[in-house]
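This briefing concerns a predicted model, and it is organised by topic for reading alongside the sequence and the coordinates.

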Amino acid sequence: MSQDTRFDGYINLLIELRNNGVAIVSLNRAAKRNALDLATIDELVRFFGSAHRDGVRAVVLRGEGDHFCAGLDLIEHWKADRTPDEFMHVCLRWHEAFNKMEYGGVPVVAALKGAVVGGGLELAAAAHVRVMDQTTYFALPEGQRGIFTGGGATIRVSDLIGKARMIDMILTGRVYQGQAAVDLGLAQYITEGSSFDMALDLADKMAANLPLTNFAICSAISHLQNMSAMDAAYAESVVAGMVNTQPAARERLEAFANKTGARIRPNS
């Protein structure tokens, strides 16, 4: 792995681009448990806003140190003493960053460890795949802090686990860990080893897919979910028409027809 000059100028994100197009993006505020200040959000907007154009084929999102992300930088928020209008625009910037992740068309795999709390859970929920290790714990402590979610928990976290469970998490500070978190839908994978290693392996597999196919999976599906069933059926047909007839797909379809392509087998 080597530092790519296209990603110079970042301070709160460490970015490495591997030869296969997988970018490793690390939140670089370990002393703050990778809490999200506005500068970090701005860097997330910048990276995910241009990742597809920069040739990134998949992303592993991780945190430096022992934690993925402890959420909103409460010290910055307290010191800033923002007006309602000012903080509303901070929240809109968070939404911009997370929307660029979810809708940007590049697969994002979050490698979770330690705290995935508050805004850290909102960040993780914007990833397409989440891998947790045995140290990972999830919580939405906003109720105890006297604040309210502002980075999409009411949208994405409720989609993952349901409205009632999300409300319970915020009201009571309930913490989820281990297999219970996977069963609930907060993560798709749990590992006894390194969540980063598993996330990188998954990202490598995703990067081997055709970019247009990945773009459709990681952008169109989210858009389709926002449509009526009739509109979604139409839009899905249009996307399939484009993706399923791309020239690069013909080689893979030919390999399948000739029985030289990869075969799908049951898990051993």
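Strand 6 and strand 9, the latter spanning residues 189-190, pair in the parallel sense over two bridges, and within this pairing Val 131 stands opposite Tyr 189 of strand 9. Strand 6 also pairs with strand 4, again in the parallel sense, here over four bridges.

**Strand 6 and its surroundings**

- In the pairing of strand 4 (residues 108-112) with strand 6, Leu 112 is the residue that stands opposite Met 132.
- In a regular strand the side chains alternate between the two faces of the sheet.

- Strand 5 runs parallel to strand 7 (residues 137-139), and the two are joined by three bridges, with Val 116 standing opposite Phe 138 of strand 7.

**Leu 61 in strand 3**

- Leu 61 is found in strand 3, which covers residues 58-63, and this leucine counts as buried because its relative accessibility is 0%, where the cut-off is under 20%.
- Leaving aside neighbours within four places in sequence, Leu 61 is in contact with Val 25, Phe 68, Met 101 and Leu 123, and also with Val 108, Val 109, Ala 110 and Ala 111.
- The C-alpha atoms of Leu 61 and Ala 127 are separated by 8.3 Å, although these two residues lie 66 residues apart along the chain.

**Asn 214 in helix 10**

- Asn 214 is found in helix 10, which spans residues 211-225.
- Is Asn 214 buried or exposed? With a relative accessibility of 4%, Asn 214 counts as buried, because the cut-off is under 20%.
- When neighbours within four places in sequence are left aside, the contacts of Asn 214 are Arg 57, Gly 105, Pro 107, Met 206 and Asn 209.

Definitions and conventions: Residues numbered from 1 in each chain as written. Predicted model: local features only at pLDDT ≥ 70, side-chain atom pairs only at ≥ 80, totals over all residues. Heavy atoms only, no water. Pairing = 2+ DSSP bridges. Buried < 20%, exposed > 50% of the residue type's maximum accessible area, 1.4 Å probe, protein only. Contact = heavy atoms within 4.5 Å.
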